[in-house]
Amino acid sequence: MKPLDELTFDNRFARLGDAFSTEVLPDPLEAPRLVVASEAALALLDLAPAEANTPLFAEVFSGHKLWDHAEPRAMVYAGHQFGGYTPRLGDGRGLLLAEVVNSAGEHWDLHLKGAGQTPYSRMGDGRAVLRSSVREFLASEALPLLGIPSSRALCVVASDTPVWREQQERAATLLRLAPSHVRFGHFEYFYYTRQHDELKQLADHVLAAHYPACREAPNPYLAMFSEVVERTAEMIAGWQAYGFNHGVMNTDNMSILGLTFDFGPYAFLDDFDARFICNHSDDRGRYSFSNQVPIGHWNLSALGQALVPLVEVEALQGALALYLPIYQAKYQDLMRRRLGLTTAEEADQALFERLLQLMQNSAVDYTLFFRRLGDTPLEQALEVLRDDFIDRDGFDAWGDALLARVLRQPQETQAERQARMHGVNPLYVLRNYLAQQAIEAAEQGDYSVVRQLHAVLAKPFEAQPGMERFAQRPPDWGKHLEISCSS
Ligand code: AMP
Ligand code: MG
């Protein structure tokens, strides 16, 4: 463990030079104060939990102070937004402050979101509001615990700096951590501006820093693309299995490391709804829950297009063709675990689909269904759960199929079964209404609710006495909260 002012830096991306990013200093916020910090994220930087409570911490992460060896830069990238290409986006309100090397030798990008205007801000003010910063913080730290790769969040800092959205709000910052902030849109930028030398330089950087094993392959760029296909497919399988709707899967929000990245109006499903759209600006449902699977493929093909100067088209297509099989294998594996299945059978996918259809028709709570399935022996659990379904006969038939299926696998005690199932079926997920309650308190200057919610979500599988209210279905007001894109 070390103090904040003794971090070690190695700013690899900054060294790529001005074609890739622009030097910009953070613009400090007024009256900064810490809203919440993640102990787990602090540990990634070898920082003790107490570091977050020092005055220096809030000063650094609100742009007032900087390490001598930091090299803050705004990255340039482009991207397909809702299917249309925007030739230049870039960090309009975030800065890559520095790359930290921890004691395990891992590199972590420190990205300060809400750091002020940059050459890429276009009409924007370069700021982030408190509500969106809290939402990104909570999700970043919750997803990895469900086994879903994600960028991480060190802290949120609130301020008195006013910002104007639909109404006046106050600016905040979020310190995001990720091994890399390179997005699909970085490659698209250099491809479409015909800067093919820089495209290669970027690919070489990503290979050296993040996919060193791919450099041994006959075509390292193809090997890297195949890895990205695999990681993206597996990440999306995690979203689908756990009911996570990202909401803005533009290619500039897709991480080259297959991390859940750039959280906007995301949501965890309450009631199961395949057609759910968390982003209320997404009129046509391009990024609806069930569309995430084909959109993952679409985005990977946009990345593949940008790699054409480096890899033969047929080879890229061959790698892309593996997306769906990889997705399906991972999704089925996760769903089997969620249902308590320890073996694989051909008909399992049909079993999942029938369950989801029944849930959809009866608006069954997606998280609690799986949790309750493990609470008691299967026959008993089915007896209780059937009450949530309108089509009882349909549910009974499904339950009989599951029971028969379970009898064909090695038997275990209920205690063993429960431990295994509860280990993959969270009791607590980041429901929209819980985030909303935490945000409303934080906007009044009360940070205790955010901190408590963060602490509960740090142990999603463990029943925590006194925290029952965090495991409840939403009240009526919290069912259809509209989360806007403005953040
Ligand atoms: P996002 O919706 O956060 O993925 O952002 C899409 C693009 O808009 C990125 O280039 C952002 O940097 C930029 N952007 C979003 N909000 C702002 C803002 N308030 N000020 C400047 N640029 C912004
Ligand atoms: Mg973005």
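Trainee: How far apart are the end C-alpha atoms of helix α11?

Mentor: This is a predicted model. In it, the end C-alpha atoms of α11 (residues 348–362) are 21 Å apart. That agrees with expectation, because 15 residues at 1.5 Å a residue should span 21 Å.

Trainee: Which residues of α11 are buried?

Mentor: Among them are Leu 351, Phe 352, Leu 355, Leu 356, Leu 358 and Met 359. Asp 348, Gln 360 and Ser 362 are buried as well.

Trainee: What do they pack against?

Mentor: The buried residues of α11 pack against α10 (323–339), α12 (366–375) and α14 (392–407). Just after α11, Ala 363 takes a positive phi of about 50 degrees.

Trainee: On to domains. How much area do domain 3 and domain 4 bury between them?

Mentor: Domain 3 (340–422) and domain 4 (432–479) bury about 400 Å² between them, with 40% of it on carbon and sulfur atoms. Asp 365, Leu 368 and Arg 371 supply 70% of the area that domain 3 buries there, more than any other three residues.

Trainee: And how many salt bridges are counted between domain 3 and domain 4?

Mentor: The count is one. Asp 365 forms a salt bridge with Arg 473, and their closest N and O atoms are 3.9 Å apart.

Trainee: Changing topic, what coordinates the magnesium ion?

Mentor: Asn 253, through OD1, and Asp 262, through OD, coordinate the magnesium ion (ligand 2) at 2.0 to 2.1 Å.

Trainee: Is Asn 253 buried or exposed?

Mentor: Asn 253 counts as buried because its relative accessibility is 8%. Asp 262 also counts as buried, at 13%.

Terms used:
Residues numbered from 1 in each chain as written. Chains lettered and ligands numbered in written order. Predicted model: local features only at pLDDT ≥ 70, side-chain atom pairs only at ≥ 80, totals over all residues. Heavy atoms only, no water. Donors = N, O, S within 2.8 Å, 3.2 Å for Na, K, Ca; no water. Buried < 20%, exposed > 50% of the residue type's maximum accessible area, 1.4 Å probe, protein only. Helix = DSSP H or I, 4+ residues; strand = E, 2+ residues; numbered from the N terminus. Expected span 1.5 Å × (residues − 1). Contact = heavy atoms within 4.5 Å. Domains from an automatic or database assignment. Buried area = accessible area lost by both parts, 1.4 Å probe. Salt bridge = Lys/Arg side-chain N within 4 Å of Asp/Glu carboxyl O.
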